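Visitor: I am new to this structure and would like to learn how to read it. Could you take me through some of its features?

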Amino acid sequence: MKTRKCLIYLIPVLFILAINIGCSGSGDSSDSLPSDPFSSDFTQFQESILDEINFIRTDPSGYAEIRLKPYYDSSSDNGAYTDIKSRNAEEPLDLQGQLCSASSKYAQYLAENSVFGHYENGSPAERCEAEGYDYYSGENIGAGSQSYYNATDDPSSAAEAFIVMWVIDMNVVGVGHRENIMSSTHEKLGAGFFRDTDSAYENYAVLDFGYQ
């Protein structure tokens, strides 16, 4: 049984944006892309993102106690602890190769061009469709220069840090990242990471969601 521990991350330094429909690697890229859309050949970061998302979706109360309680105790959780603790469980998501390809390519584009937004290189739906996936339902993007977001060094800790930040969603109207992560609409997940130390925020992560 996996033992889960809480690491404390600084909330305000993550730059994040979310889109919800129907209802943000290093130069050597440790996140190489699976060519088969149903491949199990996903990166450690992608697998770790999936683990964290399915932890909160299937055991929201447990996630709140382990990941969010320290922020609640310091009044820096943006209401996430009470919100998540009170939610019903949702079905787990599955990684999907085409979504992972779209997410990874967009994380690289954001990092290499030092830009940040959902529409810097087409729309999220268009990027997913370009990979052959037609069931896009939402996107989260995030970036931060702090070492705990560096998935090249520690994919599991970086995945945990990004998900915690998206769930807390400090200063985000409507907590859209949290809602994306918990949405019952989504069934599939793509995740991508890219690191470029010459870019504005260095570490960039993208999640793309799909409804089938």
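Visitor: Leaving aside its neighbours within four places in sequence, which residues is R127 in contact with?

Guide: This is a predicted model, so the contacts are those of a prediction. Apart from residues within four places in sequence, R127 touches A102, Y106, H118, N121, G122 and E139. R127 itself sits in helix α5, which spans residues 124-130.

Visitor: Is R127 buried or exposed?

Guide: The cut-off for buried is a relative accessible area under 20%. R127 has a relative accessible area of 10%, so R127 is buried. H118, one of the residues in contact with R127, also takes part in a polar contact: its backbone oxygen lies 2.9 Å from a polar atom of the R127 side chain.

Visitor: What does the side chain of S199 reach at 2.6 Å?

Guide: That is the backbone oxygen of D196. A polar atom of the S199 side chain also lies 3.1 Å from the backbone nitrogen of E202. With neighbours within four places in sequence set aside, S199 is in contact with A111, S114 and Y204.

Visitor: Now to strands. Which strand does β3 pair with, and in which sense?

Guide: First the general idea: in a regular strand, side chains alternate between the two faces of the sheet. In this structure, β3 pairs with β5 (residues 203-210) in the antiparallel sense, over eight bridges.

Visitor: How many residues of β3 are buried?

Guide: Strand β3 covers residues 136-144, and nine of its nine residues are buried. For the protein as a whole, 51% of the 212 residues count as buried.

Visitor: How do I read the packing of two helices, say α1 and α6?

Guide: Look at the angle and the distance between the axes. Helix α1 (residues 44-58) and helix α6 (residues 155-168) pack at about 40°, with their axes 8 Å apart. Angles under 35 degrees would count as roughly parallel, and 65 to 115 as roughly perpendicular. The two helices are therefore oblique to each other. The crossing of α1 past α6 is right-handed.

Visitor: Which residues of α1 and α6 meet?

Guide: On the α1 side they are Q44, F45, S48, I49, E52, I53 and I56. On the α6 side they are P155, S156, A158, A159, E160, F162, I163 and V167.

Visitor: Where are N78 and D169 found?

Guide: N78 is in the loop between α2 (60-73) and α3 (80-86), while D169 is in the loop between α6 and α7 (176-182). N78 has a relative accessible area of 33%, so N78 is partly exposed. D169 has a relative accessible area of 0%, so D169 is buried.

Visitor: How many helices and strands does the protein have?

Guide: There are seven helices and five strands. Read from the N terminus, the elements run β-α-α-α-β-α-α-β-α-α-β-β.

Note on methods. Residues are numbered from 1 along each chain as its sequence is written. This is a predicted model: local features need pLDDT of at least 70, side-chain atom pairs count only at pLDDT 80 or more; totals for chains, interfaces and linings use all residues. Side-chain values use heavy atoms; hydrogens and water are left out. Buried means under 20% relative accessible area, exposed over 50%, partly exposed in between (1.4 Å probe, protein chains only). Helices (H or I, at least four residues) and strands (E, at least two) are DSSP runs, numbered from the N terminus. Two strands pair if DSSP finds at least two bridges between them. A polar contact is a pair of N or O atoms within 3.5 Å; within protein, one must be able to donate a hydrogen and the other to accept it, and residues adjacent in sequence count only if both atoms are side-chain atoms. Contact means heavy atoms within 4.5 Å. Axes are lines fitted to C-alpha atoms, for helices over the stretch in contact, and angles run from 0 to 180 degrees between N-to-C directions. Angles under 35 degrees count as roughly parallel, over 145 as roughly antiparallel, 65 to 115 as roughly perpendicular and the rest as oblique. A crossing is left-handed if the near helix is turned anticlockwise from the far one by less than a right angle, and right-handed if clockwise.
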